[in-house]
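Please keep the sequence and the structure in view while reading.

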Amino acid sequence: MPFYHDLKTYRDIVTDETNPALEPYPNKADWVSRRLLALRHDLRAQITGQRQPNSLIIGSWNIRAFDGGIPRLDESFHYIAEIISAFDICALQEIKADLGPLKRLLKLLGPNWDYFVSDVSDHEQANYERMAFVYNTNKVFFRNQIGEIVLRSDALSTKQQIARSPFFAAFQAGWFRFTLVSAHIIFGETNAAGLARRAEEIDVITKALVKRAKKEDQVYVFLGDMNVDSKDGVVMQALKDSKMEVPDFPTTNLGGTKFYDQLAFTVKGKAERKTRLLKHGAFDWRNAVFGPWSDGADFSGDPDHVTRIADAAQRAHYEPVCIWNREQNLANPTRKPRYADFDAEYNEWTTYEMSDHLPIWVEIETDYSDDYLGRYVTED
């Protein structure tokens, strides 16, 4: 579990005219602790509470512009760390140039967590982003191979490289040998040509991974923000046509209309053991932090220590915090003020505190020892 010792430094503080630099946040430790309790309850109910022994939980999350604007609140780091700690390894997209926020996140996760991060993509349509893998060293170990997928110059019809080169690293958990390949597929236009370009990037990447899997005794897991607009569109079809296994994920944008985030893994190749997918899903953190609650959310089974905050109360709570945070950054020319009408733009503000995506996850079996021993059992 993550570290919580920072909570003891969140004393009751009220800004006054003599100390305008003090954050206007009375009862901060109480508020953050209650939100963490709700978040932990939801993570146990959906992901960790029913996990099987000898399994691996892989996550993927586009954490919006982490952290390329007005700095996130202290509590947002706690919430992000709590979610990531439910996974054994997680691919992160939209890490920005400054690695300070990522290192702060790892400090909260604890000393048993480590990370790898790519260089900043500063070429056309790459948005100055990095990609990262963060992983629990008690559950996963690195197999000393890391890099980016680079294709032939004629792989894409544009004769260019993929806008944001897929980032890969090799790991092992139990008997499960795998390479994670994280991608942030080009967004661009939403017309037919733009969607076709997204589909083409997915097509050439998955073909390269399937080809590699035929020669290597490991599973390739392709995951990330693939900008899949719909279940029946050309972008999703490119993924389904890839000869990789594609679990059925729900929508992952906050509007509940897009299937942006996906994961697929190779099933045919040199790997001797068939990958067993146990569970998968997307995690909606809004039921516990920031809100608004998802449609049809049922909290009737909540224990006494879990409290939920309605949308109007969330907005009223965070408005003075946001105003103070914005004013503290007016002097920095790279951090422009935002949200003159906080209530109207509250939902947008939360995407820069958490994300405009929901994280996805899969649970995969890692103990194939029964299958292995069965090879040596002779018939009576």
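The text below covers the sheet, the helices, the aromatic pairs and the charges over rings.

The model is predicted: local features need pLDDT of at least 70, side-chain atom pairs count only at pLDDT 80 or more, and totals for chains, interfaces and linings use all residues. Residues are numbered from 1 along each chain as its sequence is written, and side-chain values use heavy atoms, with hydrogens and water left out.

**Sheet and helices**

Helices (H or I, at least four residues) and strands (E, at least two) are DSSP runs numbered from the N terminus. Two strands pair if DSSP finds at least two bridges between them. An open sheet of six strands has the order β5-β6-β7-β8-β10-β9, with mixed pairing. Its edge strands, β5 and β9 (244-245), each pair on one side only. Seven bridges join β6 to strand β7 (residues 176-184) in the antiparallel sense. Phe167 is placed opposite Ser182 in β7.

Helix α4 (residues 192-213) lies across β6, β7, β8 (219-225), β9 and β10 (261-266). It runs at about 160° to β8; the angle is taken between N-to-C directions on a scale from 0 to 180 degrees, with axes fitted to C-alpha atoms, for helices over the stretch in contact (heavy atoms within 4.5 Å).

Helix α2 (residues 74-84) is largely enclosed by the rest of the structure, because 10 of its 11 residues are buried. Buried means under 20% relative accessible area, with a 1.4 Å probe and protein chains only. Among the buried residues of α2 are Glu75, His78 and Glu82.

**Aromatic pairs**

The whole structure holds 22 aromatic pairs. Rings of Phe, Tyr and Trp (its six-membered ring) pair if their centres lie within 6.5 Å; planes under 30 degrees apart count as stacked, over 60 as edge-to-face and the rest as tilted. Two of the pairs are tabulated.

| Pair | Type | Centre to centre | Between planes |
|---|---|---|---|
| Phe142 and Phe171 | tilted | 5.9 Å | 55° |
| Phe342 and Trp349 | edge-to-face | 5.4 Å | 65° |

Phe142 lies in strand β5 (residues 141-148) and Phe171 in strand β6 (residues 167-173), so their pair ties together parts 29 residues apart in sequence. Phe171 is buried at 0% relative accessible area. Phe342 is buried at 3%, and Trp349 at 4%.

One aromatic cluster includes Phe142, Phe167, Phe171 and Phe176.

**Charges over rings**

A charge sits over a ring if NZ of Lys or CZ of Arg is within 6 Å of the ring centre and within 35 degrees of the ring normal. The charged end of Lys28 is over the ring of Tyr10, 4.2 Å from its centre. Arg212 lies over the face of Phe168, 5.8 Å from the ring centre.

Technical notes. Buried < 20%, exposed > 50% of the residue type's maximum accessible area, 1.4 Å probe, protein only.
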